[in-house]
Amino acid sequence: MIEKWKKSVDSGEAFGALMTDLSKAFDCLSHDLLIAKLHAYGFDKKSLDLIYSYLTNRNQRTKINQSYSAWEEILFGVPQGSILGPLLFNIFICDLFFVIPEVDFSSYADDNTPYVCKSNIGEVISSLENVATQLLDWFKDNEMKANPSKFHLLLSTKSKFEAIINDSFLQNSSYEKLLGVNIDNELSFNSHLNEICKKPSCKIHALSRIAPYMNLQQKNILMNAFFNSQFNYCPLIWMCHSRTMNNKINRLHERCLRIIYCDHLSSFNSLLQKNNTVTIHHRNIQYLAIEMYKVYNRLSPLIVSEIFLRNDNAHYKTRNVPDFIIPRVRTVKHGSESISVLGPKIWEIIPSTYKNLPTLDAFKQNIKKWIPIECPCRLCKSYIQGVGFI
């Protein structure tokens, strides 16, 4: 979704998304309707009987202190906490994407976000309004409870616009959280990274108080828990951020390393070498290299591999023929600084000894030793105030 948005902005178009909300989505599933959909998808009668037996004749009650309510039969929903529950929910909601084929969906269980890319904001809003009407009808027909008052609108503009959703006016916001990531209308991810940096900043302060009473191994464990783990979630989404945010992350990283080694004189690079690690940005480059290895060896899901253009049309491979085609772009922020462009560039600078490793596990282990010295991204280039990138 993010890559499509960057591509649309790079080509001068606009994008918009509607974040929907469902009340008790997993608890409102109709058993009869689910069985009917499974039958339509080709399940035979014995399989349907087994699943219906799994869903029905279940009871629950409520406990308050030492008192219990009466048992009541569960008439709707799938058992939560099970592996089968989310799978059945995904099957139940699958036909939604065929009912509304004119837009794309970013969907994960009950988080369904239709989005469109059009030539201007007016067309984007009009399209999302039509989609919202169809969505609400589908939710009603499938006995699910939508909350239009909790829908959120994100548009690729700082100006304020309104969309009419269920006879109510919905105003766009500057950023929205989707599946744990704050996505802003400029796709800079500044709000997301600012929120991430607050957590390790507080924890590093706590680490500085207890560090004198711990050995190096214990302090390293806490650094991984307090600092490194904060930047592990969806790094490929926000890795093309600004130099200002990169400096902020590096300052936190440097502060953490100085506490760990009680070293206030060495440079940041010396501390990284002492810790046998790399910056967060270089680690994100390594994650991107792993993703490119999976795409190259056809180990990625289709939705990921479609982002990159393989050079499969070449009649024969030579040393100068790249494995991936780098798309043509117009801008840096939304063109060059996108995964679809940066990924193939990173793949080209990875040593062949790494590319030819036979397994993904072997590649993951070895790529940790690789430092992308010739990385083509903007953050890895030297910058001089008043002069520019060198």
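**Asp263 and Lys274.** I looked up this pair in the predicted model. Asp263 forms a salt bridge with Lys274, with the closest N and O atoms 3.0 Å apart. I placed Asp263 in the loop between helix H10 (243-261) and helix H11 (268-274), and Lys274 in helix H11. The two are 11 residues apart, and the pair links distant parts of the chain. Asp263 is buried, at 12% relative accessible area. Lys274 is partly exposed, at 42%.

**Glu186 and Lys158.** I found a second salt bridge here, 2.9 Å from N to O. This pair also links distant parts of the chain, 28 residues apart. Glu186 lies in the loop between strand E14 (181-184) and helix H7 (190-210). Lys158 lies in the loop between strand E10 (152-155) and strand E11 (162-165). I noted Glu186 as partly exposed, at 29%, and Lys158 as exposed, at 65%.

**Asp49 and Lys45.** Their side chains meet in a salt bridge at 3.0 Å, N to O. Both sit in helix H3 (residues 45-55), 4 residues apart, so about one helical turn separates them. Asp49 is partly exposed, at 42%. Lys45 is exposed, at 63%. My salt-bridge count comes to 8.

**H12 against H15.** I then turned to helix packing. The axes of H12 (residues 280-296) and H15 (residues 339-349) come within 9 Å and cross at roughly 85°. The two helices are therefore roughly perpendicular. H12 contributes Ile285, Leu288, Ala289, Met292, Tyr293 and Tyr296 to the contact. From H15 I listed Ile339, Leu342, Gly343, Pro344, Ile346 and Trp347. I sorted the contact residues into 11 nonpolar, 1 polar and no charged.

Notes. Residues numbered from 1 in each chain as written. Predicted model: local features only at pLDDT ≥ 70, side-chain atom pairs only at ≥ 80, totals over all residues. Heavy atoms only, no water. Axes fitted to C-alpha atoms, helices over the stretch in contact; angles between N-to-C directions. Parallel < 35°, antiparallel > 145°, perpendicular 65-115°, else oblique. Contact = heavy atoms within 4.5 Å. Nonpolar A, V, L, I, M, F, W, Y, C, P; charged D, E, K, R; others polar. Salt bridge = Lys/Arg side-chain N within 4 Å of Asp/Glu carboxyl O. Buried < 20%, exposed > 50% of the residue type's maximum accessible area, 1.4 Å probe, protein only.
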